Amino acid sequence: MQYLSYFKFPRVLEIGVDNGQTTLPLCHNMSLLDRQWLYEGVDIRMKANVPAAIASMATIFCPATEPNIPVHPNVIFYEINSLNFLQDAIKNKIKYNLILIDGDHNYFTVQKELELAERIALPSTLIVCDDYNTRWANEDLYYAESNGYEKNKLATPRQKTSKVGVKAAVDEFVQNSNGKWGLTTGLGNEPDYCILYQKETVLDMNVHIPPDTSAVFMASLEVYFDTNQCPEVNENLLKHLDYKYERPGPRPNKQGAKYIIGGDVRHEQENYNG
Ligand SMILES: C[S@@+](CC[C@H](N)C(=O)[O-])C[C@H]1O[C@@H](n2cnc3c(N)ncnc32)[C@H](O)[C@@H]1O
């Protein structure tokens, strides 16, 4: 989120929406940036619960469920194969600040997705590839062969390839870029994803863990750019979205308030000023 706040109008593409485990927090966080933003999600099987959850969120607008609201859309879902979507985006000269690749987990698809994704990237664009370190890193999964996809006409059928797995496709992309793209693993001890960045434009990266947090997903990845090379990056727009703890429940009054935790009634100290 901190990275996305560099942009006047952040634009994100997620390949593979599924149940929206990424979509929902991502869209919520983008709405906190107080500016125009757009998230586009692509899946060969769009589940209705995700647009429904988005539609319930105040200040986040999805034209599929709220067609008559006269504001710019924030969230658009497409039921389409990622390879077709990416080809259309290239034709329409669309660029994204962040591209999340988490669709079909096989060498054939990821290799093609990366080849196309590079063409819709700006100099500062980051590409996040999921399953770089899990089972499908070294094995091929084709959703066309998964339960529930038997009749899915959008799914890619198994292809004959010389390599298998997501990791091989990502490593090959980085290697073939002749030093243009760099790879860093995600946050945490055994992250399942990796982040691709452009070496010429990224000066440094730092993982900031806000105080009083233990979960790694609370950390922010700070990315520092050579702004001469990326006119789209505006450091004045940078916004920190650190988790801030605020004491829940009623505030203490002058007489000393009571509050209840797990059925216990506790008395505030009179001089409590938290
Ligand atoms: C692992 S799930 C995505 C999880 C999601 N990104 C999250 O964070 O919760 C993979 C999704 O990719 C979709 N998918 C598979 N092949 C695809 C393709 N070629 N294009 C678009 N979506 C695809 C599947 O239908 C599935 O919903």
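**Exercise 1.** Which residues have the most contacts inside the largest nonpolar core?

*Solution.* This is a predicted model, in which local features need pLDDT of at least 70 and side-chain atom pairs count only at pLDDT 80 or more, while totals for chains, interfaces and linings use all residues. Residues are numbered from 1 along each chain as its sequence is written.

Step 1. A nonpolar core is a set of buried Ala, Val, Leu, Ile, Met, Phe, Trp, Tyr and Cys residues joined through C-beta atoms within 7 Å; a residue is buried with 20 or more other C-beta atoms within 10 Å of its own, exposed with 12 or fewer, and partly exposed in between, with C-beta atoms placed from the backbone.

Step 2. The largest such core has 51 residues, and those with the most contacts inside it are Ile99, Ile101, Val110, Cys129, Val166 and Val170.

Step 3. Leaving out residues up to four places away in sequence, Cys129 touches Ile101, Val110, Val166, Val170, Tyr193, Cys194 and Leu196 (contact: C-beta atoms, placed from the backbone, within 7 Å).

**Exercise 2.** Describe the surroundings of tyrosine 149.

*Solution.* Step 1. Tyrosine 149 lies in the loop between strand 5 and helix 5 (166-176); helices (H or I, at least four residues) and strands (E, at least two) are DSSP runs, numbered from the N terminus.

Step 2. Tyrosine 149 has 15 other C-beta atoms within 10 Å and is therefore partly exposed.

Step 3. Not counting residues up to four places away in sequence, tyrosine 149 touches Arg45, Tyr143, Ala144 and Ala155. Arginine 45 is 104 residues apart from tyrosine 149 along the chain, yet their C-alpha atoms are separated by 8.2 Å.

Methods
Contact = placed C-beta atoms within 7 Å.
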